[in-house]
Amino acid sequence: MSESKSLSDMAPKRRRMMDMVLALGGLKEEAVIPLSKVSEEIANLKTELEPLAAEILAFPDAYFEQFLEATESSDIISRIADRGLLKQAISHLQEAVSIRDTESTRGLLTSINTRSETLEGTDDIEEIDTAVDIDSLLSPVSELITQIETVITGYETNAKSAAEEASSELETLVASISEAVSGIQDDPASALDALQKLGTKTRYGPFLRTTAQVKRGIREGRIDETRALQLVSENIMLELRRGVIIFILGKMGSRTVLEISHLMNARSSDIQTAIVSMIQRGEVEMVGLDEDAPVFSRVLEAIPASTLVFKRILQQLNGMGKSLEGDTKSSVVDSVKRMEPLLGRLQKIGQYDETVLAESMNNLRETVDQATEAVLQSSPADSSEDLRLLVSAGLEAFARFRLKITLEKGPNLVSGTNVYGEKLDPEVYERMMSSYLDNELERGTILILIRELGAMTAKDLGEKTSIPKNRILQHLLRMKRDELLTSPGESHGYLLYDVPRTPTEAELTIETASSLALQLTEASSEFESLLQDLKAEDIGKVANALETLSKGRDTLIKITIEGNVVGEDILTGIEEKIRSAVSLAYRTRAKIPSTRPKVTLDDLAEVDVPSVLDEYKAMMGYAPLLGFGTIDWNLSKCLGCKSCEISCPEDAIELKPVVEVSKFFDISDEELDSLPVNRALFYRTVKGLAAQKPVGDIVLTDDSPGFGTVEVDLWLCVACRTCVRRCPGPDEGALELELKWNLPEVVRQITSQN
Amino acid sequence: MKLDYEFLEAEVKKLDLAGSVTLHDLGCQDSGLEAIAKLIDENEARLVVAACTSQKIQPRIDQYLQSQGKDPSRITYVNIREHSAWVHNDPSEASKKSLDMIRGALARSVDSTSIVSEMKEVPAHVTVIGGGIAGVEAALSLSNLGYHVTLVERESSVGGHVVQLPVVAPTGKSGKEVFSGRLNALENDKNIDVMTDTTVKFVEGELGSFTLHYNIPDDEDEKTLQTSAVVLATGFQEFKPTMMDEYQYGKNPNVVTQLELSRMLTEGNMVRPSDGKPVNEVIMVQCVGSRSEDYKRDCSKLCCTFAIDNSLEILERNPDTNVQVVYMDIRVPFENEMIYKESRERGVDYIRGRVSMVWESDDETHVRIYDSLLNQYLESTPDLVVLSSAILPSDGVAELSETLGYTLEEDGHIKELYGKLRRTETRRRGVVAVGAITRPQFVFEAVTDAQAAALVLHNELQGGKIEKVARGAVLDVDDCVGCSLCAQQCPRGVPLMIEQTDAEEEDEAQKILFKAAIDILNCHSCGVCQSLCPSGATQLNFLSNSQLWSEIEAVLNEADSEYPITVCFYCEECSVSTIDIVGTRKMEYPASSRLIPVPCAGRVSIIDILKAFEHGASTVMIAACETDRCHIGGTGNEIAQVQVDVTRDILNAIGWKGERVDMFRMFSAEPDRFTSAIREMVKRAQELGPTPVHKGTAGKWMEVTE
């Protein structure tokens, strides 16, 4: 029975019936599996798994022991600066320890905890020695920029070679498309099929949806031929064009319209139209200029944090430049000038491997941060921490464009007028400015706190600052939208906010390892407990637990500390064993199609259904079915009145819009005489007009009162006989119920229907 | 463009069915009418009038004969002017067509029955359910028309929602003022009984004798009341948005609905409900529940105006109040635009956007508003949040429909019979619906509605005399097999299926037995039931099956493939108007067409179509009203479509060409659509050649070997 696989997808009524059949004894599946056979299979699996189990269960602990050693010897944990990440790791490990407390996980937890506490301890920002030489602080900047430039050039080379690979794929695609297009005029439907196949390669959702809709419309006859032709040659082609553009931008990098039209061998005006609509759909954005031509790129789901960091450094430098003088100023301005095109190039590349960039990017960030601190040193040494924070917040705010514009424009508006001749009321301006300043200073404070103290929730910020909570939330949301903040996770149900940071290799390692520690602990403890008393219904859980262990191993082998794979021998040693355990579990699962007890059809012949109905009700919690039966329908007595369908309490009987017209000619004269007069007259008139006997049935598009074929869904029928009693047809009516308590007979009928 | 009358006279005289033939130049003038009256006397009132359109001549003849005390109901009309003489160039062809159609009318006339319209005295009493502005207005109008009226109101006093309004746009008067005149009239009107605190349970019966079952307080027994017609004026109810968590309605006392604010204003109680402090800042939220897929899909039409009315009233009382209206679109119909302008001038602040949440802290109500024009979130701490919530039909409308038999719209309002011409009527004769129960309505609309409905009822009741027997479907209970097709498909829901419990007890096969019951007073004579009835149990009393079949046979006398004939069944609603316009505009079309009138396209059954082919028609068409515009009640044309579709498929299956039959829809003044339709069918008749009937192969299916 194919139904058993989708027991949960069935209509409720059908499922209820299925439940009953299963509960009463079970159904014959592809092969009958007696209960004894099931237990045998399970026993086999247990014997086969047992020798493997010990090692499989031991491997996570063994691995994390080595991992702990490696972290201690390399001191990688002390290199982690991201508090949000640490918090996340701690919570993962705590959960793992609560499931199974092993030395290795606890050790890892302790060292991460220590690191986290150390970082918390540095809450008080160290006093910086007075009078720092800003010039010397900034001196490494130029070198760092050169480093970054080299990395970016590397990215571009990679992207270029990837683009070359993609271009041959593209050529084939474009060629096949133009072939398919040539067939549109003759046969839009099959051209549509061909296009759909090609378009699938672009994985462009709107194209796939539109094609499916049009196909359905054509199939259901809602779209006529001319309309279909028009839709295929215009709308579908437009969507396809968009799909190919996404393909190009995704695989070959950002491009101008001309480049795309050249690649696609299409008119540039078509591409232009497509791009404009894609911008509106939020799929494509303009990322820069090539000469005068705009360069477009896909809208990325998330901009790499490093790009955001780079952008922020640039803004910071820009802001700093304003408050400096002389050579220092010009060197900062130079750096800014060099960085601006680099930012453009990064944006054009889109996604890239951030770790390569991490070291130089973080160095640059630290340098620039220190320089910013140094610039702040103009404040007296005895100033309070709050004041220092406020001033840096102000600087932070000034580094951004928003406030600058307001500050520059405001006074002009108060003294003069704007282009519309409106004038700003000084009082309003004052109010506006003070609220602006408040806002910007608050935002600056939040940013600085997060940058220095790590990811924070709105609640943490509320405790650390005096800003009202709802305003904090407002600021956080606003800054998240402006890409100044990201939200890396949750802490105690609050959303964590963080400034974009480039994760270092150490951070990535700890993040992955801690989350895997949890997964593996969960899986192995489940596997262990299942194995103790292996039951047929747990087979799925066993397979899933083993699958998790196997996938975890595959991820662990990719983790390196200082270039070395940790616990390589453990992981390779276990590889084969896990894999065979997984396939053993799957194989056994395949042998047991369902975990319910099975009996043969022959066994069922002995079941006295009425006698077990009470038991059934007690077991299932709802009333039993009234019985089973088959319903025969006799066209020659049917009036097509739908009374059976209307009266059926279970929606099991239906008048289908199909006219078995050839059977009209088999109705005997006696039968005609017993029919109501007009019904008989109708059949007689049809026969009297017929020049040939019809072959086949008439399929009507809609329900037509008076005409149709009665069909019974035996899955739903409860043999209540209401339809038979209601049928107004002549004599006993057009329907006849044959009650059957012989379950195998019913099953046979049901299965032969499918 | 004329007919050969000598030929017609001579040929008709030859027909067995025609007793005598009289040619008269001025049938509709006094001399003609006198001649007709004479012929009626001589021929047991059976007469065929072949003249101009019956739309013009029939009312005249009817009036004349009725004034003479004679029966005009057995006259059969043939239109040989607009349907023949004026539309065909060749007089001999047109005369032949006219002759065929006269022959058909003669055949139809044979079995014509006399439909005597007797008057039945009914009580001149109408019950109005609902004592709001619409109900009171309807009661007063009916009383003025001479009816005795019972006004039933669920609440303890009449006035409904209107008396709660502080100001009614655009009058500037308060709801109480608007109502006061009517209230006085109501008190002084001896013809109106007002029953307050009364709940209607259900109403049964038919026009002229409805029985209203109702309850009064402190008495558990159900009371009944006899009445001749029912006015439904149960109005609307305001949606209570307690389940919309974002507004805190029902949890925060300072969040009220617009109607609750109206009540506060009317009662002069404009303070914060939570603590009685003054209200200085008000935020109104529009479209709460309206225009939402989850609650009410449509616009509620009134709320924008209500909100503006109330905000102006607030400013009137305390000009320093700050009123902000958060809206999606402001929709103020009619002259209410003026008060919208006024409100802007008076400083009401309009914010386009939505309220994202309402919460409380420090004893303040906080509101966060998303301003979609500024793309910004604003926050405010108003004293009062007013929700303009959706307007829904009042409770109990669906329950009453079970026995009163009117239909409901998807949104629960009562469905009007026909949007253009029969706005206040429901599907049930003698039941009208007025005011906000049919759709959200402004005060003046509800008043107009009520006045119109009073006149509609007056037309039906005629001061207490209704037609007892009318044109319509008559059921022969003995022939009814109980299949319920008529009850399922009747556009008016007239046939009721009655379970035959006595017969069931005796039935050996435990059959569930039903018989239909048709109340002819509610019937609008479309003939859908007749077309579908498998046993011929229900038939129109002016067009029985045998009448139509003999007309078909007579019209198609000697039809052959030499001169292929196209039969056109046309409905006597939109199609006849269109075909008459074709005639008066003298638009030519082929004369091989033969027109047969039916009251509604739904009267044409598959057997009728097949009969036409059996008697030699080459093509058959049905002319019907446009989709959704079936005047008889909405679905007659669709039933006809089913007959045509099935005939077509069957013809194809039995070796005919399905294109020989088709259906065409037209509005009442689209002559081009009719002429192109009939040209198409005549063209098909010529192109498809002889039918199996002409060739003699029809019925010879047994001899065909594949």
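## Helix α4 of chain B

How many residues does helix α4 of chain B have, and what does it reach from its first C-alpha to its last? In this predicted model, α4(B) runs over residues 91–110, which gives it 20 residues. Its reach is 28 Å, close to the 28 Å expected at 1.5 Å a residue.

## Cores in the structure

The largest nonpolar core takes in 138 residues. B:Ile102 is one of those with the most contacts inside it, along with B:Cys568, B:Cys571, B:Met621, B:Ile622, B:Ala623 and B:Ile654. The top contributor to this core is helix α18 of chain B (residues 636–653), which puts in 8 residues. Apart from this core lies another, of 101 residues, with B:Ala139, B:Val255, B:Val332 and B:Ala446 among them.

Back to B:Ile102: leaving out residues up to four places away in sequence, it touches B:Val12, B:Val48, B:Ala50 and B:Val78.

## Chain B overall

Chain B is built with 20 helices and 29 strands. Of its 706 residues, 50% are buried. Take the contacts in chain B between residues at least 6 apart in sequence, and 72% of them join residues at least 24 apart.

## Where chain A meets chain B

Here 34 residues of chain A are in contact with 39 residues of chain B. On the chain A side, α27 (677–689) and α28 (722–726) each supply at least two residues, and α27(A) has the largest share, with 10 residues. By type, that side of chain A splits into 19 nonpolar, 8 polar and 7 charged residues.

Notes
Residues are numbered from 1 along each chain as its sequence is written. Chains are lettered from A and ligands numbered from 1 in the order in which they are written. This is a predicted model: local features need pLDDT of at least 70, side-chain atom pairs count only at pLDDT 80 or more; totals for chains, interfaces and linings use all residues. Helices (H or I, at least four residues) and strands (E, at least two) are DSSP runs, numbered from the N terminus. The expected span of a helix is 1.5 Å times one less than its number of residues. A nonpolar core is a set of buried Ala, Val, Leu, Ile, Met, Phe, Trp, Tyr and Cys residues joined through C-beta atoms within 7 Å. A residue is buried if 20 or more other C-beta atoms lie within 10 Å of its own, exposed if 12 or fewer, and partly exposed in between; C-beta atoms are placed from the backbone. Two residues are in contact if their C-beta atoms, placed from the backbone, lie within 7 Å. Ala, Val, Leu, Ile, Met, Phe, Trp, Tyr, Cys and Pro count as nonpolar, Asp, Glu, Lys and Arg as charged, and the others, Gly among them, as polar.
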